[in-house]
Amino acid sequence: MGLQEISDRVAQAARASGRDSDAIKLIAVSKVQPNARINAVLTEGHRCFGENRVQEAASKWPDFRARFDGIDLHLIGPLQTNKARQAFELFQAIHSLDRPKLAKTFARLAQETGGCPDLFVQVNTGEEPQKAGVLPSEADAFVSDCKALDLPICGLMCIPPVDEEASLHFALLAKIARRNGLDGLSMGMSADFEKAIALGATHVRVGSAIFGERTPG
Ligand SMILES: *Cc1c(COP(=O)(O)O)cnc(C)c1O
């Protein structure tokens, strides 16, 4: 596998659903990957990356930004309120907006800095107790509260339960997005991004299939 193969598969999946592949952003999830692998993907010309920890992103991306133009960095992991300011500085998009306190903090920072990353509301479609995200039943109210705060909500994000058919969760997320007038759908990872594209994904988050397995530590 690798960047080229995954890009080709994204384009193919888009075509198979009669969609324009330009409407699908491939986020290369670089968390825990060695810098040499990230450097190789940057050198191939890719610019859109995902990280799940603010601290880790802060330690590696300023150097890459000094060497490569146009890096588009997405936060795809949980965000503590006290790291929101740092996240605003580092990321062009945040996919893990999942609670009122964070929404209020974002609104305050947006006013103060005059800008805001693109935001995705994370929905816990599997209603898993250990997982972040608003419950499906709470999503409409939360999205409307965020809009009332003038936050740039571009869509919804989900991480399906590992032991369930992902397509059911992608379809549920798409349905919630549709009824809230949201176009963005951040869904699909290495194992299931093609299914996600078939169900309308606009942002797929692919790590190991591009970079190889993550080596822990
Ligand atoms: C790690 C991660 C991914 C990428 O997972 P792969 O299976 O390596 O593609 C996608 N989304 C989130 C939220 C992640 O934390």
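In which sense do strand β4 and β5 pair, and over how many bridges? Strand β4 (residues 93-97) and β5 pair in the parallel sense, and three bridges connect them. Two strands are said to pair if DSSP finds at least two bridges between them. Helices (H or I, at least four residues) and strands (E, at least two) are DSSP runs, numbered from the N terminus.

The structure is a predicted model, in which local features need pLDDT of at least 70 and side-chain atom pairs count only at pLDDT 80 or more, while totals for chains, interfaces and linings use all residues. Residues are numbered from 1 along each chain as its sequence is written, and side-chain values use heavy atoms, with hydrogens and water left out.

A crossover is right-handed if, with the strands pointing away from the viewer, the path from the first strand over the helix to the second runs clockwise. Strand β5 is also joined to strand β6 (residues 153-157) by four bridges, and these two strands run parallel. Here Q122 has M157 in β6 as its bridge partner. A right-handed β-α-β unit is formed by β5, helix α6 (residues 136-148) and β6. Four of the five residues of β5 (residues 118-122) are buried, so this strand is largely enclosed by the rest of the structure. Buried means under 20% relative accessible area, exposed over 50%, and partly exposed in between (1.4 Å probe, protein chains only).

The loops contain several residues of note. K31 lies in the loop between β1 (25-29) and α2 (35-43). An unreviewed UniProt entry places the feature "modified residue: N6-(pyridoxal phosphate)lysine" at K31. UniProt positions are given in the numbering used here, feature names are shortened, and annotations may be inferred rather than shown by experiment. With a relative accessible area of 19%, K31 is buried. V32 lies in the loop between β1 and α2 and is partly exposed, at 34% relative accessibility. Although V32 is not a glycine, its phi is positive, at about 65°. D150 likewise has a positive phi, near 65°, in a residue other than glycine. D150 is located in the loop between α6 and β6 and counts as exposed, at 70% relative accessibility. K83 occurs in the loop between β3 (72-75) and α4 (84-90), and its relative accessibility of 23% makes it partly exposed.

According to the unreviewed UniProt entry, the annotation "domain: Alanine racemase N-terminal" covers residues 7-214. This span is 44% helix and 17% strand, and its end C-alpha atoms lie 20 Å apart.

The largest pocket has a volume of about 580 Å³. On a 1 Å grid over the protein atoms alone, a pocket is an open set of points with protein on both sides within 12 Å along at least five of seven lines, and lining residues have an atom within 4 Å of a point. Its lining comprises 26 residues, of which I159, P160, V162, M189 and R205 lie nearest the centre of the pocket. The lining divides into 13 nonpolar, six polar and seven charged residues. Ala, Val, Leu, Ile, Met, Phe, Trp, Tyr, Cys and Pro count as nonpolar, Asp, Glu, Lys and Arg as charged, and the others, Gly among them, as polar.

Technical notes: On a 1 Å grid over the protein atoms alone, a cavity is a set of points where a 1.4 Å probe fits but cannot get out, and a pocket is an open set with protein on both sides within 12 Å along at least five of seven lines; lining residues have an atom within 4 Å of a point. Grid points are joined across faces, edges and corners, and a volume is the space filled by probe spheres set on the points.
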